[in-house]
Amino acid sequence: MNYKISKRAASLTPSLTLAIDSKAKQMKADGLDVVGFGAGEPDFDTPQHIKDACAKALAAGFTKYTPAAGIPELRAAIADKHKRENGLTYKPSQIIVSCGGKHSCFNVIFATCEEGDEVIIPAPYWLSYPEMVKMAGAKPVIVQTTDQTEFKLTPDALRAAITPRTRLFVLNSPSNPTGSVYTPAEVKALGDVCVEKNVLIMSDEIYEHLLYDGATVKSVASFSQAHFEHTIIVHGFAKAWSMTGWRLGWCAAPEPIAKAIDAVQSHSTSNPTSFAQKGAVAALTGPQDHLPLWLAEFNKRRTYAWQKLTSIPGLTCVNAKGAFYLFPNIAKTGLKSTEFCARLLEAEKVAAVPGIAFGADDYIRLSYATSMANIQKGLERIERFCKTLAK
Ligand SMILES: *Cc1c(COP(=O)(O)O)cnc(C)c1O
């Protein structure tokens, strides 16, 4: 049998972060002493009151289809969140709940982009964006940034990348993989360019609450009515509430786009899991006291890891102001990222993600969503590894 794979599916690169994470987990299961820096998820448990709300819904038989775009109660709670925290006024009908922030990104791109369209993605990027753009039949236009500018795109570079075919600009601050955070003024300046050029912005704000060193964020949607009308916010429960396995995210969009996404979703996944949505309501409306504790712990690890990394010969690293990643530069080691990570895993049993997966081959991504003991052990091994390269 000659299985014909569609052009769209064949053009995809499978997720390298998921692959490395499962390889490290397998090595661990085989009894090897592996330190994994690959995780893209918090190592904390989902807060108990969220799990309780879900368990209660399940016990009460809340196990049937819900509206495709999510239960009204959750859409209203999300609209309230944007009002309260971002000063943005969305009607619940502008909120679409999906099966994870990743799914929300996919829906947004799928509902707005097609053949002939271009989507501007600053690199280093979250590795799923370009693949989603390809799945929609559109063309990813990658604009490189480096650690020299803290991985921030300038308004001029954005303007230069825009063509009459540009449909969407992808903004992700705080960023995965770099942890970089645009200041409100920088976000506004990028938004200004998009408004002027009539380009939609997909603003992935999933790390909104994970900030350090006094960094602040302001959604690009919040600067003017025009900014609001050009922006689709993508968000989710995975990171700030540690609900990665629950598969729940959302987007907040101008009404016609929300409607289109609702239609797409109604014919693909239908609703996100019913009882999980009840947990999500509790996540938004219940106590948030887990967050300062997590942030304090993340911050301790980030500070330690950054200090250690910058002391290792061959590595340089800008400190991240958000998310839970550091993105050290490995150019001075003379290795490209895939070889660096393969040899590091082989020699020292440390799993890191090659920067090439994020469109930046001179870097590796280290997640500090793992215990301090692991971080210490892993960084010592990285130091030993880099010293052998220097010889
Ligand atoms: C984790 C993540 C998401 C969403 O993850 P889900 O598990 O699908 O909710 C979206 N964008 C970025 C940049 C992320 O790192």
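Lysine 81 and glutamate 85 lie four residues apart in helix 4 (residues 72-86), about one turn of the helix; helices are DSSP runs of H or I with at least four residues, strands are runs of E with at least two, and both are numbered from the N terminus. The two residues form a salt bridge, with the closest N and O atoms 2.9 Å apart; a salt bridge is a side-chain nitrogen of Lys or Arg within 4 Å of a carboxyl oxygen of Asp or Glu. Lysine 81 is buried, at a relative accessible area of 1%, whereas glutamate 85 is partly exposed, at 39% (buried, under 20% relative accessible area; exposed, over 50%; partly exposed, in between; 1.4 Å probe, protein chains only).

The model is predicted, and local features need pLDDT of at least 70, side-chain atom pairs count only at pLDDT 80 or more, and totals for chains, interfaces and linings use all residues. Residues are numbered from 1 along each chain as its sequence is written, and side-chain values use heavy atoms, with hydrogens and water left out.

Across the whole structure, 21 salt bridges are found. One of them joins lysine 377 to aspartate 33, with the closest N and O atoms 3.0 Å apart. This pair links distant parts of the chain, 344 residues apart: lysine 377 belongs to helix 14 (residues 372-390), and aspartate 33 to the loop between helix 2 (16-29) and strand 1 (35-36). Lysine 377 is partly exposed, at 33% relative accessibility, as is aspartate 33, at 42%. A further salt bridge pairs aspartate 362 with lysine 336 (2.9 Å, N to O). Asp43, Glu297, Lys300 and Arg301 are linked in a network of salt bridges.

The structure also holds three cavities of 30 Å³ or more. A cavity is a set of points on a 1 Å grid over the protein atoms alone where a 1.4 Å probe fits but cannot get out, and its lining residues have an atom within 4 Å of a point. Grid points are joined across faces, edges and corners, and a volume is the space filled by probe spheres set on the points.

The largest cavity has a volume of about 160 Å³. Its lining comprises 17 residues, with Pro122, Pro124, Asn172, Ser175 and Tyr182 closest to the centre. Strand 3 (118-123) and strand 5 (166-172) each supply at least two lining residues. The lining has 11 nonpolar, six polar and no charged residues (nonpolar: Ala, Val, Leu, Ile, Met, Phe, Trp, Tyr, Cys and Pro; charged: Asp, Glu, Lys and Arg; polar: the others, Gly among them).

How values were computed:
On a 1 Å grid over the protein atoms alone, a cavity is a set of points where a 1.4 Å probe fits but cannot get out, and a pocket is an open set with protein on both sides within 12 Å along at least five of seven lines; lining residues have an atom within 4 Å of a point.
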